[in-house]
Amino acid sequence: NQQSGPSLWPSQRKDPARLELEVSAPSRQQVGSDTTFVLTVRNVGDVAAEDVIVDCEFDEALTFPGRNERRVKRSLGRLKGHDQAEVKLTLVSQSTGTHASRFTVTSRGKEAVWKSVAVEYVERQLEVEILGPSNRSVGTPAEFTVKVVNNGAEVVKNLQTVITYDAAFDPREGTEGAIRTPGHMSWELG
């Protein structure tokens, strides 16, 4: 007994590992501020990707806090089919201008995908300094002053200062306009 017409059979073939990379970072940052790059590596294939490594090389103006290298690597190991992994990298620049970071993802030593991301670094507009004692005896008061300075030529509007403190502290008072919530004290500076 023969059937006429086309027949559909389920496919046993699996798509090979195929890696994709998404990088999110602020497009603009103040000099001296931490810039966090969030990398999401996805395997959009059915088969696992083996020995997955993320390699980041960055411009001379960028630094990895506490290190002198211009390059960092992170092994993700095995990335199953349709799985993803997230990696965060924090870099800092002490100079203005546009500085780039290049991210490469390899699997078994072969380049799978890469991206270059540039961030524009601008002069620090606001500066915050906390003045107070470095140590006190238990039970004695400690007074802290928060100094906020606008270094820019433009007026900053809708500015709010929020102080977060450890549960060991028992805040007694704040300057005029202080709003207290558990673990925080804030001021609307306008």
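Read along the sequence, the protein chain follows the pattern β-β-β-β-β-β-β-β-β-β-β-β-β-β. That amounts to 14 strands and zero helices, where helices (H or I, at least four residues) and strands (E, at least two) are DSSP runs numbered from the N terminus. Please keep in mind that this is a predicted model, in which local features need pLDDT of at least 70 and side-chain atom pairs count only at pLDDT 80 or more, while totals for chains, interfaces and linings use all residues. Residues are numbered from 1 along each chain as its sequence is written, and side-chain values use heavy atoms, with hydrogens and water left out.

Let us begin with the overall form. The C-alpha trace of the protein chain spans about 95 × 40 × 35 Å along its principal axes. Its radius of gyration is 26 Å, whereas a compact globule of 190 residues would have one near 16 Å; the radius is taken over C-alpha atoms, and the globule rule is 2.2 Å times the number of residues to the power 0.38. Of the 190 residues, 25% count as buried. Here buried means under 20% relative accessible area, exposed means over 50%, and partly exposed lies in between (1.4 Å probe, protein chains only).

The protein chain exposes about 13,700 Å², and carbon and sulfur atoms supply 47% of that area; accessible areas come from the Shrake-Rupley method with a 1.4 Å probe, and for residues only the protein chains shown count as cover. As for charge, there are 23 positive and 26 negative side chains, with the centres of the two sets 7 Å apart. In that count Lys and Arg are positive and Asp and Glu negative, while His and the chain ends are not counted; each charge is placed at NZ of Lys, CZ of Arg, CG of Asp or CD of Glu. Among contacts between residues at least 6 apart in sequence, 60% join residues at least 24 apart, a contact being heavy atoms within 4.5 Å.

Now for a strand pair. Strand 1 (residues 19-24) has a covered face made of Leu19, Leu21 and Val23, and an uncovered one with Glu20, Glu22 and Ser24. Six bridges join strand 1 to strand 3 (residues 35-43), and the two run antiparallel; strands pair if DSSP finds at least two bridges between them. Across this pairing, Glu20 stands opposite Arg42. Thr40 also belongs to strand 3, and it counts as buried because its relative accessibility is 8%. Leaving aside residues up to four places away in sequence, Thr40 touches Glu20, Leu21, Glu22, Gln84, Ala85 and Glu86.

Further along, two loops are worth a visit. Ala142 lies between strand 10 (126-131) and strand 11 (145-150) and is partly exposed, at 35% relative accessible area. Ala142 and Gly132 are 10 residues apart in sequence and 7.2 Å apart in space, C-alpha to C-alpha. Beyond residues up to four places away, Ala142 touches Pro133 and Arg136.

The loop between strand 11 and strand 12 (160-164) holds Val156, which is partly exposed with a relative accessible area of 23%. Not counting residues up to four places away, Val156 touches Gln125, Leu126, Asn150 and Gly190. Val156 and Leu126 are 30 residues apart in sequence, yet 8.7 Å apart in space, C-alpha to C-alpha. Asn158 is found in this loop too, and at 71% relative accessibility it counts as exposed.

Asn158 has a positive phi of about 55° although it is not a glycine. Asp51, not a glycine either, has a positive phi of about 50°; Asp51 is found in strand 4 (residues 49-58) and is partly exposed at 39%.
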